[in-house]
Amino acid sequence: MTIWIILAIVIILAIVYITTYNGLQNAKVYTEESWSQIDVQLKRRNDLIPNLVETVKGYAAHEKETLSQIVELRNQLTQVPADDHEEKMKVSNQITDSLKTIFALREAYPDLKANQEFGKLMEELTNTENKIAYSRQLYNSSAALYDRKLLTFPSNIVANIHHFTKVEYLVTPEAEKEAPKVSFKD
């Protein structure tokens with residue numbers, strides 16, 4: 001009789017162990033998949049940038065420095081190793097800041113504002129920037145779930161045995177957290 005009890009306990013422990021391990025693997029894969037969504041959106045934005053640059057070139061010749069900077073950052077982003085998430089986000093944030101300058105050109109150049117191709121590109125880029133922001137939120141949520149599993153019992157035991165490691169959250173750069181300065185004086 002005791003052999004059956006011991007056997008039942010061993011079977012239950014094996015099931016708990018396997019279930020916990022699979023839960024950790026699922027959380028890890030989901031975190032990796034959510035990072036790949038960010039990569040997909042970054043690639044989409046990179047594909048749109050040459051069209052934007054060509055469209056703006058004719059209207060804003062004196063903005064060549066900004067356009068060159070965007071192209072340089074785009075090229076730099078393609079050279080960042082796939083697993084260097086921090087550097088990818090750093091360069092991506094610089095591209096976003098540079099694109100804001102291009103978005104502002106619309107007001108300075110009425111002909112550019114009326115250009116349908118520019119309008120479509122701006123809409124596509126705005127949608128892509130929104131998707132990047134959403135993908136970053138999804139990544140941080142999945143990273144939180146995964147990291148929580150690494151810290152809670154009994155999955156923390158299984159995680160330590162199999163050397164699962166914590167993933168880092170994507171953080172907003174300090175400069176972007178500052179409130180914009182507003183002045184009502186002309």
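**Fold and contacts**

Reply: Read along the sequence of this predicted model, the chain follows the pattern α-α-α-α-α-α-α.

Me: How many helices and how many strands does the chain have?

Reply: The pattern along the sequence is α-α-α-α-α-α-α. The chain accordingly has 7 helices and 0 strands.

Me: What percentage of the residues count as buried?

Reply: Buried denotes under 20% relative accessible area. The chain exposes about 12,300 Å², with carbon and sulfur atoms supplying 58% of that area. Of its 186 residues, the share that counts as buried is 34%.

Me: Which kind of aromatic pair do W35 and Y139 form?

Reply: The structure holds 3 aromatic pairs. For W35 and Y139, the ring centres are 5.6 Å apart and the planes stand at 75°. An angle over 60 degrees counts as edge-to-face, so the pair of W35 and Y139 is edge-to-face.

Me: How many residues apart in sequence are the parts that W35 and Y139 tie together?

Reply: Both residues are buried. W35 belongs to helix α1 (residues 2-57), whereas Y139 belongs to helix α5 (residues 116-151). The pair therefore ties together parts whose separation in sequence is 104 residues.

Me: Is D39 buried or partly exposed, and which is K88?

Reply: The side chains of D39 and K88 meet in a salt bridge at 2.9 Å, N to O. D39 lies in helix α1 and K88 in helix α3 (residues 85-108), so this bridge ties together parts 49 residues apart in sequence. The relative accessibility of D39 is 22%, so D39 counts as partly exposed. K88 has a relative accessible area of 9% and is therefore buried.

Me: Which helices does the salt bridge between R44 and E124 tie together?

Reply: The closest N and O atoms of R44 and E124 are 2.3 Å apart. R44 is partly exposed at 28% relative accessible area, and E124 is partly exposed at 30%. Their positions are 80 residues apart in sequence, so the bridge ties together helix α1 and helix α5.

Me: Where do E129 and R45 lie?

Reply: E129 and R45 form a salt bridge with the closest N and O atoms 2.8 Å apart, and both residues are buried. The pair links parts of the chain 84 residues apart, with E129 in helix α5 and R45 in helix α1.

Me: Is I3 buried or exposed?

Reply: I3 is placed in helix α1. Together with W4, L7, I11 and I15, I3 makes a nonpolar surface patch of about 550 Å². Its relative accessibility is 59%, and the cut-off is over 50%, so I3 counts as exposed.

Note on methods. Residues numbered from 1 in each chain as written. Predicted model: local features only at pLDDT ≥ 70, side-chain atom pairs only at ≥ 80, totals over all residues. Heavy atoms only, no water. Helix = DSSP H or I, 4+ residues; strand = E, 2+ residues; numbered from the N terminus. Buried < 20%, exposed > 50% of the residue type's maximum accessible area, 1.4 Å probe, protein only. Areas by Shrake-Rupley, 256 points an atom, 1.4 Å probe, with all protein chains shown as cover. Phe/Tyr/Trp six-rings, centres within 6.5 Å; stacked < 30°, edge-to-face > 60°. Patch = residues over 30% accessible without salt bridge, like charges linked within 9 Å, V, L, I, M, F, W, Y side chains within 5 Å. Salt bridge = Lys/Arg side-chain N within 4 Å of Asp/Glu carboxyl O.
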